[in-house]
Amino acid sequence: MSVEKIAVISVDVIDSSKFEESSYLPSLTQLEDPAQTYLRKAGDMLLTSRGDSFQVMLNDWQTSFLKAIYLKAFFKKQVATLKSSNRKKNLDVRLSLTVGWVKQLPEDIGKTMEEPFIISGRALDKMKSKGQNFIVTTNNDNINHELELECAFLDDILNGWTAAQAEVIYYLVQGLKQVEIASDLGLTQPSVSNRIQLAKWGLIERMNKRFVELMQSI
């Protein structure tokens, strides 16, 4: 008998083998920090594997779409060093978000076979061959069919983000006001507003609303 609806986000760093590990591994360590409170609340677990991938379990599935957006912004605003040329390049991640029911909240997400973990992990494995970097899936084929198209449009928006736009979204999704972001980044408020518009934040908010509607039906 299913008892709890949760969200699982599976993530891997794109082209991680091309980067110096020392230039991106601190990012993963930062996410593991218990003080990193926006991504994870009490009871939310994060498992890092292989050094360039991780999986997060979120008890509050209603906020999981925006937390997935937060993770995209978190990585896309950062630069890492390429092994081949010593040049810097922005990081990016593939991200697979699944909402579903579990029979029992796992004590160790590295050892559970609950359905949302399996669906999220398998979807992530298929993304590279499909050229996708962001996908949302459930155990409902009709919902998945709608989300596949919506995520294709969203993927196009996220792939077009500059590091500057990702940086603003990183703070915006955490609830900071435009004036606060401007103050923290040493920008003017109109400059922050322009970056938010270029990042298509309005469309992302609309998709979050539709995501919540769909997930309430499963």
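**Inside a predicted chain**

Reader: What share of the 218 residues of the chain counts as buried?

Author: This is a predicted model, where local features need pLDDT of at least 70, side-chain atom pairs count only at pLDDT 80 or more, and totals for chains, interfaces and linings use all residues. Residues are numbered from 1 along each chain as its sequence is written, and side-chain values use heavy atoms, with hydrogens and water left out. Buried means under 20% relative accessible area, exposed over 50%, and partly exposed in between (1.4 Å probe, protein chains only). By that cut-off, the buried share of the 218 residues is 49%.

Reader: Which residues touch the most other members of the largest nonpolar core?

Author: A nonpolar core is a set of buried Ala, Val, Leu, Ile, Met, Phe, Trp, Tyr and Cys residues joined through side-chain atoms within 4.5 Å. The largest one here has 62 residues. Those touching the most other members are Ile69, Leu71, Phe75, Phe134 and Trp161.

Reader: And which helix gives the most to this core?

Author: Helices are DSSP runs of H or I with at least four residues, numbered from the N terminus. The top contributor spans residues 64-76 and gives eight residues. That's helix α2.

Reader: Which residues is Ile69 in contact with, leaving aside its neighbours within four places in sequence?

Author: Contact means heavy atoms within 4.5 Å. With those neighbours set aside, the partners of Ile69 are Phe134, Leu154, Leu158, Trp161, Ile169, Trp201 and Ile204.

Reader: How many residues are in the second, separate core?

Author: Its members include Ile6, Val8, Val102 and Phe117. The count for this separate core is six.

Definitions and conventions. Helices (H or I, at least four residues) and strands (E, at least two) are DSSP runs, numbered from the N terminus.
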